[in-house]
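Hello,

Here is the structure I promised to pass on to you. Please have a look at it first, and then read on for what I found.

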Amino acid sequence: MSNFNILVVEDEDAIRGMLMMVLNQAGFTPFEAADAEDAQKQLDTRSHDLILLDWMLPGISGAEWARRLKKEPVYKDIPIILLTARGEEEDKVRGLEIGADDYMTKPFSPKELIARIRAVLRRSGKIQGQVQIILGDLTLDIEQHRLTIGDQQLDVSPTEFRLMHFFMMHPDKVYTRTQLLDQVWGRSVYIEERTIDVHIRRLRKILEEYGREELVQTVRGFGYRFSLVD
Ligand code: CA
């Protein structure tokens, strides 16, 4: 599974811990919050691909927070899966009315959870039907989170993987640092533009080991371009 940031909002430590573990094992990048206030803070500092949201939370309820998010242009497109306790049938209906993308009744199996998450990501267009991007001798496997040159697998971090994913989807185009920030890191993340240079440098260093550092080109005074052509 590709590098998806998933925010887990659940006040019960044991359940939250279990969810974090299951998501980690499935290859997602989970973040945790015990209430809506903390979740909101996290949403403001980094981009998320999906929210797993407990219906009953202390303070602002999961339902209320979901309703607020669905009204905000910046956040309304983040898919939400509501987690409800057994017997809260009415909540499910209300949850879907609010705009939640799916709901699950506790307890559920890890397998079911992962399947639902993938289905929601797919529906929301975050996972395209495409599993691999192949460019020349480069293959980026989105499901397996793997980047290979020929039959050699490259050791890239999640951020570099995301960067490569973006580059391989948009070869031969020049992007400014600001555009890369928006497209790869998400608009709600605050990082400095020079951080991009650091990641580009690291990526080049890895590519260099395979004699392919020319793939990521600096366009002076503008930004970067990924190209198989020198
Ligand atoms: Ca709860």
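Let me start with a loop: Pro-107 sits between strand E5 (102-105) and helix H5 (110-123), where helices (H or I, at least four residues) and strands (E, at least two) are DSSP runs, numbered from the N terminus. The peptide bond between Lys-106 and Pro-107 is cis, with omega of about -5°.

Before the rest, a word on the basis of all this. This is a predicted model, in which local features need pLDDT of at least 70 and side-chain atom pairs count only at pLDDT 80 or more, while totals for chains, interfaces and linings use all residues. Residues are numbered from 1 along each chain as its sequence is written, and side-chain values use heavy atoms, with hydrogens and water left out.

Two more backbone spots deserve a look. Most residues other than glycine have a negative phi, and most peptide bonds are trans. His-145, though not a glycine, has a positive phi of about 55°; it belongs to the loop between strand E7 (138-141) and strand E8 (146-149). At 25% relative accessibility, His-145 counts as partly exposed (buried means under 20% relative accessible area, exposed over 50%, partly exposed in between, with a 1.4 Å probe and protein chains only). Asp-172 also has a positive phi, near 65°, and is found in the loop between H6 and strand E10 (174-176). With a relative accessible area of 48%, Asp-172 is partly exposed.

Lys-173 is in the loop between H6 and E10 as well and is partly exposed at 46% relative accessibility. Leaving aside residues up to four places away in sequence, Lys-173 touches Tyr-224, Arg-225 and Phe-226 (contact means heavy atoms within 4.5 Å).

Next, the metal. Which residues supply the protein donors of the calcium ion? They are Asp-11 (OD), Asp-54 (OD) and Met-56 (O), lying 2.1 to 2.3 Å from the ion. Donors here are N, O and S atoms within 2.8 Å of the metal (3.2 Å for Na, K and Ca), and water is not among the atoms, so sites may look incomplete. Along the chain the donors follow the spacing D-x42-D-x1-M. Asp-11, in the loop between strand E1 (5-9) and helix H1 (13-25), and Asp-54, in strand E3 (residues 50-54), are 43 residues apart and link distant parts of the chain. Asp-54 counts as buried at 3% relative accessibility, whereas Asp-11 is partly exposed at 28%.

There is a helix pair to look at too. Helix H6 (residues 158-169) packs with helix H8 (residues 193-208) at an angle of about 85°, their axes 10 Å apart. That makes H6 roughly perpendicular to H8. Axes are lines fitted to C-alpha atoms, for helices over the stretch in contact, and angles run from 0 to 180 degrees between N-to-C directions; under 35 degrees counts as roughly parallel, over 145 as roughly antiparallel, 65 to 115 as roughly perpendicular and the rest as oblique. On the H6 side, Thr-159, Glu-160, Leu-163, Met-164 and Phe-167 meet His-199, Ile-200, Arg-202, Leu-203 and Ile-206 in H8.

Finally, the overall layout. The domain assignment, which is automatic or from a database, gives domain 1 (5-123) and domain 2 (132-226). Taken over C-alpha atoms, the domain centres are 30 Å apart, and the contact takes seven residues from each of domain 1 and domain 2.

Best wishes
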